[in-house]
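Here are my notes from a read through this model. Have the viewer open while you go through them.

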Amino acid sequence: MTAPADFDEDGEFERRIWASDGELVPLHLAPELDGFAKLARETLADVRATVRWIEDQSGATERTAIGFLEGSYWNAHTGSHGEDVVGVRWGVVVASLILFHRLLAQPKVFPSVGDASGEEAFVDPPGVLEPDTLAVVGASLRVPNDPELLRIAQYMFSKAILYVFLHELFHVWDGHTGLDKKALSPIDLQTLEMDADAQAIDRLLQLARFETNGAQPREPVESKFGPGATVAFDTLSSAYLAWRFHHSAITHSLARTGGNHPPLAHRMGICLYTAATTLVLRWGFSPEDAGEFATSVLRSAEEAYATLTGVPYDPSIMDIAFGPVGHDYRAELLAKWHRVRPTLKPRFGTLAPLQTIYDSKGNLLAQA
Ligand SMILES: [Zn+2]
């Protein structure tokens with residue numbers, strides 16, 4: 001059986017959202033809108049095309065309807081009452097739009113992109129960058145003057161939105177939504193988040209492998225890591241910053257007993273270890289290069305975030321993500337995965353690409 005070709009994207013999304021939860025309101029974006037709203041609409045169309053492609057390639061017999069939901073906060077909804085639906089709140093879109101434009105409008109961020117001489121440095125007052133605040137009051141808009149910087153801001157925005165959708169979609173595709181959440185402990189739920197994060201990063205980087213319309217090749221990334229590495233760099237940075245904007249504070253403590261999501265530093269560690277694994281397996285990176293690449297993305301994204309906020313970069317995130325604490329945490333989740341995994345009924349494909357993790361020297365650290 002193949003998925004229907006005449007799938008009505010907007011209509012199915014609206015119908016399934018109304019059917020799944022009385023509290024949720026699908027966002028309707030009129031086709032004649034321009035500016036940010038037009039960009040958001042085009043991004044959604046691109047994400048839908050990508051999702052259709054993945055489902056077709058994977059032999060999925062059902063289609064997941066995706067779209068935007070009304071609501072100003074940083075949140076997404078995944079429903080699965082016979083009909084799969086994923087909605088991302090408008091607040092996520094608006095906050096990401098504003099933040100990526102502000103980021104690229106900073107002359108010190110990504111200095112090798114475009115011509116930053118026409119940009120003026122600025123520091124945001126504390127609290128302005130909280131996604132909820134941004135979406136509600138709208139920070140003063142800053143857009144890069146340089147066309148290439150503007151293009152990269154929009155490109156990174158679209159990657160971040162694709163990543164957020166892929167994360168939610170993997171909760172559906174890997175069968176998480178079929179589980180009884182009440183029967184799961186916080187650490188079980190963190191394992192599911194690890195799975196969704198890992199699958200989304202893996203898929204995002206697989207898609208980027210064959211991309212031709214990304215960033216202009218940049219040095220020293222290309223000569224150091226090979227042709228196309230700029231695309232991988234910007235893709236991974238976008239996904240990393242999406243979570244960074246979401247969790248504006250680094251959580252140092254482990255959340256083994258409370259919290260359904262991994263603490264930020266561990267989430268970063270999961271994303272970067274998965275990315276390194278994908279770069280080795282699908283891009284042909286050596287494990288050493290993959291580790292160095294992931295570390296340089298983390299450092300560059302953290303420095304970018306520090307420039308934007310005026311809060312100095314905190315190097316302890318590196319220690320947590322890549323040190324023994326992060327290793328122990330991921331090993332615990334991977335061990336847990338043995339128990340959770342057989343109870344899942346994935347829609348298609350295999351589960352969790354994060355089966356093995358390497359350290360920055362290419363040594364195998366843990367295996368599921
Ligand atoms: Zn999740």
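**Notes on the fold**

1. Starting with a loop: Pro 220 sits in the loop between α6 (186-209) and α7 (221-225). Glu 219 and Pro 220 are joined by a cis peptide bond, with omega about 5°. As background, most peptide bonds are trans.

2. Some ground rules before going on. This is a predicted model, in which local features need pLDDT of at least 70 and side-chain atom pairs count only at pLDDT 80 or more, while totals for chains, interfaces and linings use all residues. Residue numbers run from 1 along each chain as its sequence is written.

3. The protein has 12 helices and five strands; these are DSSP runs numbered from the N terminus, helices being H or I with at least four residues and strands E with at least two.

4. How far can you trust it? The mean pLDDT is 80, and 80% of the residues reach 70 or more; pLDDT is the predictor's confidence in each residue, from 0 to 100. A contact here means two C-beta atoms, placed from the backbone, within 7 Å. Where pLDDT is low, the predicted coordinates should not be read in detail.

5. Now the sheet. Three strands form an open sheet in the order β1-β3-β2, with mixed pairing; strands pair if DSSP finds at least two bridges between them. Since β1 and β2 are at the edges with a single partner strand each, one side of each has no neighbour in the sheet. From one strand to the next the twist averages 15°. Helix α1 (residues 9-20) packs on this sheet and touches β1, β2 and β3, its direction making about 75° with that of β1; axes are lines fitted to C-alpha atoms, for helices over the stretch in contact, and angles run from 0 to 180 degrees between N-to-C directions.

6. On the pairings themselves, β1 and β3 run parallel and are joined by five bridges, with Leu 69 partnered by Arg 89 in β3. Strands β2 (residues 76-80) and β3 (residues 84-89) are antiparallel, again over five bridges, and Ser 80 has Asp 84 as its partner. These two make a hairpin with three residues between them, and Gly 82 in the turn has a positive phi of about 85°.

7. What holds the middle of the largest nonpolar core? Ala 160 and Phe 165 touch the most other members among its 94 residues; such a core is a set of buried Ala, Val, Leu, Ile, Met, Phe, Trp, Tyr and Cys residues joined through C-beta atoms within 7 Å. Helix α5 (residues 147-173) supplies the largest share, 16 residues. Beyond neighbours within four places in sequence, the contacts of Ala 160 include Phe 100, Leu 241 and Ala 242.

8. In α8 (residues 229-246), 15 of the 18 residues are buried. Over in α11 (residues 316-322), Ile 320 counts as buried because it has 23 C-beta neighbours inside 10 Å.

Conventions. A residue is buried if 20 or more other C-beta atoms lie within 10 Å of its own, exposed if 12 or fewer, and partly exposed in between; C-beta atoms are placed from the backbone.
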